[in-house]
Amino acid sequence: MLKILGTTGDVTTCDCCLRADLKKTVVVRNLDSCEVRLYGVDCAAKILGRRGVAVARAARVADGAREFAVFTRIGVEVRRFARGTRAYVEAALKAEASPASWYVAAAQGGAA
Ligand SMILES: [Zn+2]
């Protein structure tokens, strides 16, 4: 079974017809063999047995999902960072000492 993972501009040569200078390629993964191939939209359509517009649309949707996943991850990282910063500030306020001791308190995971 083949699955469209999205598109990439990093590879501009089709694995099927070897046409180069494509604007982007469609990343297709074979779910059975785990092989990943990159095709131009026309070849991807031929291989998937779908029309070009359907492939382009599916690729766009996949790209949107990938973008969404990336942004979700960024959101998680930002929250984690904010928690770390808050722990640092709380430790600093509790310590009410020199910046060096704030740093030590933060490095120790904050005064719990
Ligand atoms: Zn091709």
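Predicted model: local features only at pLDDT ≥ 70, side-chain atom pairs only at ≥ 80, totals over all residues.

User: Okay, what is the order of the strands in the open sheet?
Analyst: The open sheet has three strands in the order β1-β2-β3, and their pairing is antiparallel. The strands at the edges are β1 (2-8) and β3 (36-39), each of which pairs on one side only. On average, neighbouring strands of this sheet are turned by 30° against each other, with direction ignored.

User: And what holds strands of a sheet together in general?
Analyst: Strands of a sheet pair through backbone hydrogen bonds, in either a parallel or an antiparallel manner.

User: How many bridges join β1 to β2?
Analyst: Six bridges join β1 to β2, which covers residues 25-30, and these two strands run antiparallel. Within this pairing, Leu2 has Asn30 in β2 as its bridge partner, and Lys3 stands opposite Arg29 in β2.

User: Which residue in β3 is the bridge partner of Arg29?
Analyst: The bridge partner of Arg29 in β3 is Val36. β2 and β3 pair over four bridges, in the antiparallel sense.

User: Switching topic: which residue takes a positive phi in the hairpin of β2 and β3?
Analyst: That residue is Cys34, with a positive phi near 65°. The hairpin has five residues between the two strands.

Conventions. Residues numbered from 1 in each chain as written. Pairing = 2+ DSSP bridges. Axes fitted to C-alpha atoms, helices over the stretch in contact; angles between N-to-C directions.
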